[in-house]
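I opened the model to look up what surrounds the ligand. My notes follow.

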Amino acid sequence: MYTQALNSETVVSTIDDEQKMTAFQARIDREEKIEPNDWMPAAYRKTLIRQISQHAHSEIVGMLPEGNWVTRAPSLKRKAALLAKIQDEGGHGLYLYCAAETLGVTREHLVDQLLSGKAKYSSIFNYPTLNWADVGVVGWLVDGAAIMNQIPLCRCSYGPYARAMIRVCKEESFHQRQGYELLLQMMKGSEDLKEMVQDAVNRMWWPSLMMFGPSDGVSEHSSNSMRWKIKRFTNDDLRQKFVDATVPQAKILGVTLPDPDLVFDEVSGNWKYGEPDWAEFKRVIAGHGVCNKQRLKDRISAHENGAWVREAALVYAEKQKSRMAQSAA
Ligand code: FAQ
């Protein structure tokens, strides 16, 4: 008797869920935004929490390689631009943590996942920034790749993520330009400066291509994310767009992209490129890149050193609340 009752409830709820799923997909197909209080499949929520939080972590960890150069910027102008850029990245992380919180997770939980090494962040930030030209190349290639990936996210089906990305993309385009302009200046300088730029490009080119994720054949999340219009293009499509946009910029700059297989294909109108080293990519995202340990160590110590700020903010918020309650009484 008990089992029968349970089974019939399960059947009703399965039918119910199927109807909800169909209605949900129809909303996505009509390009309606999904908002925090709307019904959504558990897997859609999980995918968004995963992607948005990884994105937030990437912004916060991404502050570190550039932070390494603030005290050594070659002029006041460059220092001011670099500081502004790094502050922007911190801001992007905060918008994104807020967007993730609308899905029912707490920022504390997400930060714990980062600091305990459980959460991923973009592989690119596990490479070192060894010379000043790296700051320019991070702007040109890393922000360039980020923009290519993130402009379509402004049309993501989840409202809070899409809206956060509009402002993020505006700021990222300033970041990309400051990097490219910095490199243009260096390329007008001495042979040593030109070599420095070429060296930075040689080291950052392949890791920048890896930012788009594994190739489509092995990308486990792409098909669901495309169906749900979280992602609008596949990893390989975005990587190709990035290569096509970047090759002419490299020519203007006067640097060589370190890929002997790079060739223009008249039929497709695309630049064909060689295969990134996917074994290296896997090693880096598994925690074995050059800087993974250092990045986590730095984030943990920043978190610990900032504990008093979080405590003070909480005490201040409590004080404000009790003052408001007193004045309302
Ligand atoms: N690094 O099935 P897919 C920035 C993981 S922000 C590490 O293809 P999906 C700003 C992936 O998470 C840059 N992990 O996954 C800045 C998944 O693992 P999981 C960050 C990677 O989600 C600039 C597994 O591999 N941008 O640069 C990477 O459909 C300058 C299977 O992959 C974003 O996060 C990778 N490169 O596609 C700051 C944009 N690629 O979760 C400072 C939003 C893949 O199952 C200075 N994110 N994985 O354990 C996305 O668009 C997507 O999440 C992708 C991956 C494209 C990253």
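I began with the helices (DSSP runs of H or I, at least four residues, numbered from the N terminus). Helix 2 (42-61), helix 4 (76-101), helix 6 (132-150), helix 7 (159-187) and helix 11 (278-288) each give at least two residues to the shell around the ligand. Helix 2 supplies the largest share, six residues.

I noted the basis: this is a predicted model, where local features need pLDDT of at least 70 and side-chain atom pairs count only at pLDDT 80 or more, while totals for chains, interfaces and linings use all residues. Numbering runs from 1 along each chain as its sequence is written, and side-chain values use heavy atoms, with hydrogens and water left out.

I then looked up the neighbours, taking a residue as near if one of its heavy atoms lies within 4 Å. I found 35 residues around the ligand, with Gln54, Lys120, Ser219, His221 and Lys231 the closest.

I checked polar contacts (N or O pairs within 3.5 Å). Oxygen atoms of the ligand lie 2.8 Å from a polar side-chain atom of Gln54 and 2.7 Å from one of Lys231. A polar backbone atom of Ser123 is 2.9 Å from a ligand nitrogen.

Last, I looked at salt bridges (a side-chain nitrogen of Lys or Arg within 4 Å of a carboxyl oxygen of Asp or Glu). The structure holds 17 of them. In one, Lys77 pairs with Glu181, with the closest N and O atoms 4.0 Å apart. Lys77 is in helix 4 and Glu181 in helix 7, so this pair ties together parts 104 residues apart in sequence.

Definitions and conventions: Polar contact = N/O pair within 3.5 Å; in protein donor to acceptor, adjacent residues only side chain to side chain.
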